[in-house]
Structures are given as structure tokens and as C-alpha cells.
Amino acid sequence: MEKEVRRQKKINLAAAVAEGESIAEWARENGVPVRTAQRWAQDRYVRREVEACRRRALNQAVGRLTGMAMNS
């Protein structure tokens, strides 16, 4: 159970970092020691998740802009 909770927190951290939230702020809000959150943020899995979140956001933005341009 603990492993699943930690995995979910890492995913939440990745989403927050992708959105520009500071690691320290996220750690305080989620009851995780700042140094632990900083270590998690360096994890290869978390970095991949940050990049995936950013790609999804970029793809959504491009899709919206394309849709708006087509309807103009």
C-alpha cells in the first residue's frame, strides 16, 4: 500500500512541476519533506512524467489554436 501511495505522490509531483509549481511548495502542501521531494524530482521516472505532462499540455494548446484558426 505504501508503495502505491508513494507512486501516486510522485505522479502528482510530476504534474505540479510540469505546471511550474515549485518543489518546495508542493512538498509543504502534500506533507512530504522538501529534500525527499527534491530527490523524487530527480528520479528518471518522475522526469519522464513531467515531460509527458508538458507534451500533453502543448498538444492540447496546439489543438485549440488550430481549431480556433479553422473557425475564423
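Figure 1. The expected span is 1.5 Å times one less than the number of residues. Helices are DSSP runs of H or I, at least four residues long, numbered from the N terminus. The model is predicted: local features need pLDDT of at least 70 and side-chain atom pairs pLDDT 80 or more, while totals for chains, interfaces and linings use all residues. Residues are numbered from 1 along each chain as its sequence is written, and side-chain values use heavy atoms, without hydrogens and water.

**Figure 2. Buried residues of α1 are covered by other helices.** K10, L13, A14, A16, V17 and A18 are the buried residues of α1. Buried means under 20% relative accessible area, exposed over 50%, and partly exposed in between (1.4 Å probe, protein chains only). The cover over the buried residues of α1 includes α2, α3 and α4. Just after α1 comes G20, with a positive phi of about 95 degrees.

**Figure 3. L13 is a buried residue of helix α1.** L13 belongs to α1 and has a relative accessibility of 0%, so it counts as buried. Which residues does L13 contact, leaving aside its neighbours within four places in sequence? They are W26, A37, W40 and A41; contact means heavy atoms within 4.5 Å. L13 and A24 are 11 residues apart along the chain, and their C-alpha atoms are separated by 10 Å.

**Figure 4. Helices α1 and α2 pack at about 140 degrees.** Two packed helices are described by the angle between their axes and the distance between the axes. Here α1 covers residues 2–18 and α2 covers residues 23–30, and their axes are 10 Å apart. Axes are lines fitted to C-alpha atoms, for helices over the stretch in contact, and angles run from 0 to 180 degrees between N-to-C directions. The two helices are therefore oblique to each other. Under 35 degrees is roughly parallel, over 145 roughly antiparallel, 65 to 115 roughly perpendicular, and the rest oblique. On the α1 side, the contact is made by K9, N12, L13, A16 and V17. On the α2 side, I23, W26 and N30 make the contact. The residues of this contact divide into 5 nonpolar, 2 polar and 1 charged. Ala, Val, Leu, Ile, Met, Phe, Trp, Tyr, Cys and Pro count as nonpolar, Asp, Glu, Lys and Arg as charged, and the others, Gly among them, as polar.

**Figure 5. Helices α1 and α4 cross at roughly 45 degrees.** The axes of α1 and α4 come within 8 Å. The pair is therefore oblique. In α1, the residues that make the contact are R7, K10, I11, A14, A15, V17 and A18. In α4, they are Y45, V46, R47, E49, V50, C53 and R54. Which classes of residue make up this contact of α1 with α4? There are 9 nonpolar and 5 charged residues, and no polar ones.

**Figure 6. Helices α3 and α4 cross at roughly 70 degrees.** α3 runs over residues 34–42 and α4 over residues 44–70, and their axes come within 5 Å. α3 and α4 are therefore roughly perpendicular. W40, A41 and Q42 of α3 meet R44, V46 and R47 of α4. The residues of this contact divide into 3 nonpolar, 1 polar and 2 charged.

**Figure 7. Helix α4 has buried residues that pack against α1 and α3.** The end C-alpha atoms of α4 are 39 Å apart, which agrees with the 39 Å that its 27 residues should span at 1.5 Å a residue. V46, E49, V50, A52 and C53 in α4 are buried. An α-helix has 3.6 residues a turn, so residues three or four places apart point the same way.

**Figure 8. E49 and A57 are two residues placed in helix α4.** Is E49 buried or exposed? E49 is buried, with a relative accessible area of 19%. Apart from its neighbours within four places in sequence, E49 is in contact with A14 and R56. A57 is partly exposed, at a relative accessible area of 44%. A57 and E19 are 38 residues apart along the chain, and 9.2 Å separates their C-alpha atoms.
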